Amino acid sequence: MPAVKGKGRKTPAKGKRKGGGRRKKPQGVWANVKDMSARVWEGVLTYTAVGFAALAVVVVLMLFAGGYFWNISERVETLTIRAAKAMGFSVERVTVKGATYLSDRDIMQSLWDDQTGSILGRSLLNVDAQDARQKIENLAWVEYAAVQKLWPNTVHVSVRERKP
């Protein structure tokens with residue numbers, strides 16, 4: 001059975017718009033001015049964005065050349081220490097329990113650090129309790145020591161002394 005040919009739709013020829021009309025262009029002087037000003041502003045914004053991006057790249061390159069990114073870990077550590085101290089997390093008090101033959105001064109001297117100095121005033125985030133315990137256990141009278149950080153501003157030291 002042969003295919004039934006129905007009424008086909010007429011398709012527009014290439015290049016012609018449906019409806020047969022041409023595209024309407026804006027009429028009048030004001031329409032031309034509006035169209036031109038839109039193109040000008042588009043160009044200004046594009047060049048401004050490109051200029052700011054180029055400036056940002058130049059600034060980052062200058063910072064690299066100046067060495068500001070080589071010691072970034074030290075800068076972040078310093079920033080965290082200052083922030084912790086500003087929030088009140090600095091060591092203001094050291095309490096000692098169980099020391100009869102040792103004085104508090106001996107324990108404080110064992111907690112002294114050559115780089116940062118006394119434990120007092122140091123950020124509680126940077127106090128290493130295990131390191132402090134080992135330093136205190138190196139004292140002659142100490143058999144066992146425990147060091148705890150008590151937030152927000154205290155370090156507690158418990159000591160078991162050797163028997164004479």
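**Exercise 1. Find the element that gives the largest share of the lining of the largest pocket.**

Solution. The element is α4, with three residues. A pocket is an open set of 1 Å grid points, over the protein atoms alone, with protein on both sides within 12 Å along at least five of seven lines; lining residues have an atom within 4 Å of a point. Helices (H or I, at least four residues) and strands (E, at least two) are DSSP runs, numbered from the N terminus.

The model is predicted: local features need pLDDT of at least 70, side-chain atom pairs count only at pLDDT 80 or more, and totals for chains, interfaces and linings use all residues. Residues are numbered from 1 along each chain as its sequence is written, and side-chain values use heavy atoms, without hydrogens and water.

**Exercise 2. Describe the lining of the largest pocket.**

Solution. Step 1: count. There are 17 lining residues. D113, T116, R122, N126 and V127 lie nearest the centre. Step 2: name the elements. α2 (72-86) and α4 (129-137) each give two or more residues.

**Exercise 3. Locate the cis peptide bond.**

Solution. The cis bond joins W151 and P152, with omega about 15°. Now place P152: this residue is in the loop between β2 (142-150) and β3 (154-161).

**Exercise 4. Is W70 buried or exposed?**

Solution. Step 1: recall the cut-offs. Buried means under 20% relative accessible area, exposed over 50%, partly exposed in between (1.4 Å probe, protein chains only). Step 2: compare. W70 has a relative accessible area of 68%, so W70 is exposed.

Terms used. 1 Å grid on protein atoms, 1.4 Å probe; cavity = no way out; pocket = protein on both sides within 12 Å on 5 of 7 lines; lining within 4 Å.
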